[in-house]
Number of protein chains: 2
Amino acid sequence: MTHETTPILGTAQQANPRRRQLLLVAAGLLHIVAPVLLFATVFSWRDAAPVEFQLPALNVDVTPTNLLTQCDEKFFTQTLDHFDVGAPTYQQRYFVCDKHYKPGGVMFFYVGNEADVELYLNHTGLMWENAEEFGAMLVFAEHRYFGKSVPFGKDVMKHMKYLSTEQALADFAVLITYLKNEWKRDIPVIGFGGSYGGMLGSWFRMKYPHIIDGVVAGSAPILSFLGDEVPLDKGSFERIVTFDASEEAGSAPNCVPNIRRTWTAMKNLGKTKHGRKQLKKTLSLCDSVKVESEKDVDVVMEWAKSAFDYMGMGNYPYPSSYIMNGVSVLPAFPVRVACSYVAADFAADDDVGLLSAFSESLGVYYNSTKDQECYELNASSDESAVDSDFWDYIFCSEIYQPQSVDGVNDMFWPVPWNFTADNENCKSEWGIEIRPLWAVTQYGGRKALRAASNIVFSNGNYDPWSGTGVLQNFSDSVVALSVEGGAHHLDLMFSNKLDTPSVLAVREAEKQHMHKWVREFYERKAAIANE
Amino acid sequence: MTHETTPILGTAQQANPRRRQLLLVAAGLLHIVAPVLLFATVFSWRDAAPVEFQLPALNVDVTPTNLLTQCDEKFFTQTLDHFDVGAPTYQQRYFVCDKHYKPGGVMFFYVGNEADVELYLNHTGLMWENAEEFGAMLVFAEHRYFGKSVPFGKDVMKHMKYLSTEQALADFAVLITYLKNEWKRDIPVIGFGGSYGGMLGSWFRMKYPHIIDGVVAGSAPILSFLGDEVPLDKGSFERIVTFDASEEAGSAPNCVPNIRRTWTAMKNLGKTKHGRKQLKKTLSLCDSVKVESEKDVDVVMEWAKSAFDYMGMGNYPYPSSYIMNGVSVLPAFPVRVACSYVAADFAADDDVGLLSAFSESLGVYYNSTKDQECYELNASSDESAVDSDFWDYIFCSEIYQPQSVDGVNDMFWPVPWNFTADNENCKSEWGIEIRPLWAVTQYGGRKALRAASNIVFSNGNYDPWSGTGVLQNFSDSVVALSVEGGAHHLDLMFSNKLDTPSVLAVREAEKQHMHKWVREFYERKAAIANE
């Protein structure tokens with residue numbers, strides 16, 4: 001792992017900057033595209049090779065060892081279209097880690113989402129750390145079109161139609177059915193998934209309760225769609241990023257007003273050639289960065305905002321490499337650290353002083369390695385850009401999540417929801433018309449959750465995605481667990497000495513639910529045997 | 001309606017005799033194919049034009065009037081592949097019959113199955129007769145590839161891949177979502193379906209509980225698949241046909257042993273040229289029927305058996321045209337009538353006397369019009385043959401129902417289950433390999449039913465399909481209702497003076513469940529409004 005592969009604007013942060021800038025300029029979609037790409041890129045990084053590290057000493061969330069060595073890599077022939085038996089097939093990759101399995105045990109099944117499944121294998125501590133107690137065989141199933149489960153090889157982009165949530169769920173159902181027969185293990189199956197994987201996991205339980213006995217869904221923004229029985233809260237993402245920067249979340253009291261002021265300051269400087277030059281210098285942008293028009297300033301603002309979006313998701317209580325693709329480490333509570341640089345009172349005529357301090361804030365994220373002398377805004381293209389594209393396809397074709405920014409309840413600038421622009425973007429990129437009601441038509445929102453069972457939703461109040469997560473119980477068995485002070489699916493990670501009491505309690509509650517699902521399975525099995 | 005369209009072996013009885021005979025000869029699939037085609041053909045007849053009739057006088061189940069005049073025929077543009085947004089579209093037909101709707105009412109939604117939806121519109125009395133009490137708008141949705149909802153026009157057979165249960169269910173989900181928005185009616189939706197429509201209806205509730213609030217599933221053989229948690233009872237269909245012919249079901253005590261003896265008698269006669277000639281004459285087969293080999297005799301036996309299969313399904317307590325495609329009328333309890341002809345003791349050497357009497361039995365079904373002088377075994381091809389083909393495609397591609405006949409627990413000859421032969425048949429017909437576990441993988445069998453809610457399964461013990469229906473409650477809201485003395489989804493039909501107390505009680509119980517689902521919906525709606 002060298003820094004040559006780690007530009008200042010690394011692959012984790014900006015998976016597909018070309019596309020992003022295009023969108024920013026062409027469609028003005030700052031507000032919508034940002035979280036989408038964020039969402040995609042956080043889960044699409046590559047090269048997450050383990051960093052050798054002394055966990056107890058530094059309490060950094062990096063993979064303590066390469067867990068792949070404890071698993072067998074396998075491939076399974078799947079029908080690309082489960083609803084058309086004559087369709088072509090592809091090879092779905094999965095890992096089986098069987099060291100802890102005991103008869104009478106369980107299958108822990110990672111419901112793969114939009115990245116190489118090795119990432120989830122190496123980071124889902126909740127599965128590894130409970131394996132022995134449950135006598136669990138661990139299975140990590142890769143999502144079609146990601147990692148090594150890409151159909152059609154280099155021609156994949158010509159065959160995007162097989163990339164859908166329904167096909168991915170059917171893959172999992174067929175794979176589990178096969179595994180139980182192949183291993184001759186009639187055992188309960190417990191699903192785990194984070195973020196999009198958490199949505200997939202809960203939908204999997206809702207649609208296939210006979211295949212999966214219960215699901216732990218970490219930070220699943222499953223209520224982020226149009227057409228549900230109550231109106232969608234479209235502004236929650238940036239509102240929660242802003243919460244992370246507030247005094248209530250431990251940040252400096254001046255942080256939110258100061259950051260809000262930076263946008264006006266940048267806009268004002270952006271109006272003149274001289275001002276843009278000053279802006280570039282004050283923010284420590286590299287010479288190569290083009291800041292020659294007001295539109296270029298928009299791109300800079302979006303780039304700056306992204307830092308806070310990511311730091312919000314990665315606002316963990318200990319230093320963590322998770323948001324940084326394992327390449328570098330964010331400090332504990334990075335938003336607090338970033339805010340500490342803009343904690344002062346800046347005079348009304350000291351925009352330059354404010355922006356200079358803001359540049360330091362951005363460095364928490366964009367110069368986490370502390371060895372960059374200036375900021376680049378673009379990154380080299382790599383595999384994660386492809387993952388990001390594929391995520392974008394799913395977003396356009398099935399799970400369109402509208403967002404808005406109002407600049408009042410959040411610390412950014414107002415960008416109202418614009419369906420037309422979003423739709424034009426999907427059309428130009430994929431030739432796809434967004435079906436705004438599809439996700440709720442297919443997966444159901446709140447009403448379907450009331451009909452469901454055996455799903456644990458966990459959300460941290462520091463996680464920007466938690467605003468469209470499940471925060472209240474729907475029933476005794478579809479429950480919401482709150483990780484006070486937790487960021488993006490903190491509970492799924494490996495244990496850390498700096499874990500808060502809240503995340504420990506949530507993990508314990510998750511374990512109790514898992515035990516209950518296992519009991520239900522074996523009690524039913526005994527009852528059938530006695531019939 | 002003239003008899004020119006009603007050959008002795010009419011379209012209802014033998015939708016695709018060419019294919020059937022081919023199968024009989026080529027693959028020896030008597031046992032499997034028969035019920036499958038039965039299943040298909042019963043639900044695929046056409047020309048079900050109303051017969052003018054005085055219901056009170058004769059108590060015949062024919063459509064009392066053409067109910068189409070009370071409905072608007074409409075078409076809706078559906079994506080052919082809901083899981084691939086870029087797929088082509090087709091026009092799905094549906095009817096809205098809005099006369100009885102009242103604000104605060106409900107949508108009764110017929111979950112269309114494998115025939116022109118006009119058939120179900122004209123026969124589903126349970127929907128019509130409850131419409132006023134529930135203030136219900138009636139919607140009858142046609143299943144893709146049937147009736148007027150056929151994509152690609154004459155080229156449809158080149159595009160079979162879009163015919164699947166999952167796509168059909170998604171059609172219904174999208175259509176209902178559209179209707180509720182278009183009509184601005186936020187109302188509960190209650191589904192109705194019979195036979196395959198009952199399976200689809202229950203799967204619809206299981207997969208889309210947010211779209212459909214409850215389902216009445218009449219005679220749905222939803223447990224007829226491999227891979228469930230208890231072994232499949234493959235022999236139940238012919239066992240129940242045999243039960244219908246037994247003393248316990250009101251038939252003559254000698255019927256079962258006599259019918260069992262006919263097969264041996266036919267086989268024996270079939271061994272010689274002289275015997276075959278005698279067989280042909282004794283059974284009153286027309287001159288044009290070819291009985292020149294033992295294989296030809298097999299075809300005759302299968303044809304004879306079919307009569308009992310159909311009469312078993314149509315073993316209603318009053319004269320009914322339902323099984324006869326509305327073209328002619330079967331007597332009340334047709335199996336009893338057929339059995340009455342073979343009620344005597346036939347001497348051990350009187351096979352000819354037995355077969356001559358058996359010929360009269362067959363006439364209950366094959367000469368229901370009482371104007372035929374001999375039996376033909378083939379029918380002219382018509383549209384229903386296409387429906388039958390499409391049903392066969394679904395059977396091969398998704399919902400493979402293995403069957404067997406043992407000749408011990410039933411009154412026929414042993415034909416063990418033969419997966420290889422079934423699979424070869426599907427391969428040669430459609431190029432499809434059967435996925436024997438698919439139906440249970442996708443829809444889940446008993447375990448999924450335990451996780452479901454708000455489904456009423458009704459089954460009559462005279463219905464051969466009831467053996468693989470839901471006969472025991474799975475929970476308080478997934479319940480089994482038994483129609484004592486009822487044949488194929490009797491409870492869904494229009495009321496009749498000869499209805500048994502049992503079917504009246506079942507209809508009343510169904511109504512109570514429907515009221516409960518409506519209450520649940522409006523209580524929840526009020527709770528949301530008050531939140």
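Residues are numbered from 1 along each chain as its sequence is written, and chains are lettered from A and ligands numbered from 1 in the order in which they are written. In this predicted model, local features need pLDDT of at least 70, side-chain atom pairs count only at pLDDT 80 or more, and totals for chains, interfaces and linings use all residues, while side-chain values use heavy atoms, with hydrogens and water left out.

For the complex, the predictor gives an ipTM of 0.88 and a pTM of 0.89. Where pLDDT is low, the predicted coordinates should not be read in detail.

Chain A contains 18 helices and eight strands; these elements are DSSP runs, numbered from the N terminus, with helices being H or I of at least four residues and strands being E of at least two. Of the 531 residues of chain A, 66% count as buried, where buried means under 20% relative accessible area, exposed means over 50%, and partly exposed lies in between (1.4 Å probe, protein chains only). Among the contacts in chain A between residues at least 6 apart in sequence, 74% join residues at least 24 apart.

Over all chains, a search of the whole structure finds 50 salt bridges, each defined as a side-chain nitrogen of Lys or Arg within 4 Å of a carboxyl oxygen of Asp or Glu. One of them joins the side chains of A:R93 and A:E118, with a distance of 2.8 Å from N to O. This pair links distant parts of the chain, since A:R93 lies in strand β2 (residues 89-97) of chain A and A:E118 in helix α4 (residues 117-123) of chain A, 25 residues apart. A:R93 has a relative accessible area of 0% and is therefore buried. A network of salt bridges links A:R93 and A:E118 with A:E73, A:D116, A:E142 and A:K148.

A salt bridge is also found between the side chains of A:R239 and A:D233, at 2.7 Å from N to O. Here A:R239 is partly exposed, with a relative accessible area of 34%, and A:D233 is partly exposed as well, with a value of 31%. In chain B, B:D351 forms a salt bridge with B:R261, whose closest N and O atoms are 3.0 Å apart. That pair links distant parts of the chain, with B:D351 in helix α13 (residues 351-366) of chain B and B:R261 in helix α9 (residues 255-270) of chain B, 90 residues apart.

Two individual residues were examined for their surroundings. A:S466 lies in the loop between β7 (455-460) and β8 (478-483) of chain A, and it counts as buried because its relative accessibility is 6%. Leaving aside neighbours within four places in sequence, A:S466 is in contact with A:I240, A:N459, A:G460, A:N461 and A:L471. B:M301, in turn, is found in helix α11 (residues 294-313) of chain B and is buried, with a relative accessible area of 2%. Not counting residues up to four places away in sequence, B:M301 touches B:W263, B:M266, B:K267 and B:W413; the C-alpha atoms of B:M301 and B:K267, which are 34 residues apart along the chain, are separated by 8.8 Å.

The contact between the chains takes 42 residues from chain B and 42 residues from chain A. The area buried between chain B and chain A is about 3,400 Å², of which carbon and sulfur atoms give 57%; buried area is the accessible area (1.4 Å probe) that two parts lose on being put together, summed over both. B:F83, B:V85 and B:H210 supply 21% of the area that chain B buries against chain A, more than any other three residues. Across this interface of chain B and chain A, two salt bridges are found, and the side chains of A:D213 and B:K447 meet in a salt bridge at 2.7 Å from N to O.

Definitions and conventions: Contact means heavy atoms within 4.5 Å.
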